[in-house]
Amino acid sequence: MTVSVTKCFSFESAHYIPKYEGACSNIHGHSYKLQVTVSGEVTNGMVIDFSVLRDIVEEHIVKVYDHTLLNLRFQVPTAENMVQDFFAVLQSEFKERDLVLESVKLWETENSFAECRR
């Protein structure tokens with residue numbers, strides 16, 4: 001039987017959307033919320049220790065992007081582009097642990113998000 005577990009994170013970043021006509025063409029910030037879901041077999045009562053899940057995501061995503069200008073890392077720093085990149089980075093980390101990365105969801109605002117699923 002496969003079980004999924006999910007952990008949420010947050011970070012603050014600034015960006016602007018180049019070659020875009022609208023408010024987002026101006027530099028502005030967001031309080032991003034990130035949700036990561038992995039699945040696997042339950043071993044010793046757990047799919048993965050939540051603290052290990054936290055450490056992986058914080059090391060590879062949160063610490064990298066928190067309080068940064070996202071345009072320095074992405075040509076077009078939209079939630080859609082970011083979530084695809086985050087998924088690719090995390091997928092290899094969890095695969096090494098025999099876990100499946102099911103989804104990565106990135107909220108740019110309280111009611112707007114992009115999601116990448118396997």
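Modeller: Gln 35 is found in strand β2; strands (DSSP runs of E, at least two residues) and helices (runs of H or I, at least four) are numbered from the N terminus. This is a predicted model, in which local features need pLDDT of at least 70 and side-chain atom pairs count only at pLDDT 80 or more, while totals for chains, interfaces and linings use all residues. Residues are numbered from 1 along each chain as its sequence is written, and side-chain values use heavy atoms, with hydrogens and water left out.

Gln 35 counts as buried, at 18% relative accessibility; buried means under 20% relative accessible area, exposed over 50%, and partly exposed in between, with a 1.4 Å probe and protein chains only. Setting aside residues up to four places away in sequence, Gln 35 touches Thr 6, Lys 7 and Cys 8, and also Ser 103, Val 104, Lys 105 and Trp 107. A contact here means heavy atoms within 4.5 Å.

Now for the strands around it. β2 (residues 28-41) runs antiparallel to β1 (residues 2-15), and 14 bridges join the two. In general, strands of a sheet pair through backbone hydrogen bonds, either parallel or antiparallel. The whole open sheet has 5 strands in the order β3-β1-β2-β4-β5, with mixed pairing; two strands pair if DSSP finds at least two bridges between them. The edges belong to β3 (68-69) and β5 (112-117), each with a single partner strand, so one side of each is left without a neighbour in the sheet.

With a relative accessible area of 21%, His 28 is partly exposed. Its contacts beyond four places in sequence are Ser 13, Ala 14, His 15 and Tyr 16. The side chain of His 28 also makes a polar contact with that of His 30, at 3.2 Å; such a contact is a pair of N or O atoms within 3.5 Å, where within protein one must be able to donate a hydrogen and the other to accept it, and residues adjacent in sequence count only if both atoms are side-chain atoms. Next along the strand, Gly 29 in β2 has Ala 14 standing opposite.

The helices complete the surroundings. Helix α1 (residues 50-65) lies across β1, β2 and β3, running at about 25 degrees to β1. Helix α2 (residues 79-95) packs on the sheet too, touching β1, β2, β4 (100-109) and β5, and its direction makes about 150 degrees with that of β4. Axes are lines fitted to C-alpha atoms, for helices over the stretch in contact, and angles run from 0 to 180 degrees between N-to-C directions.
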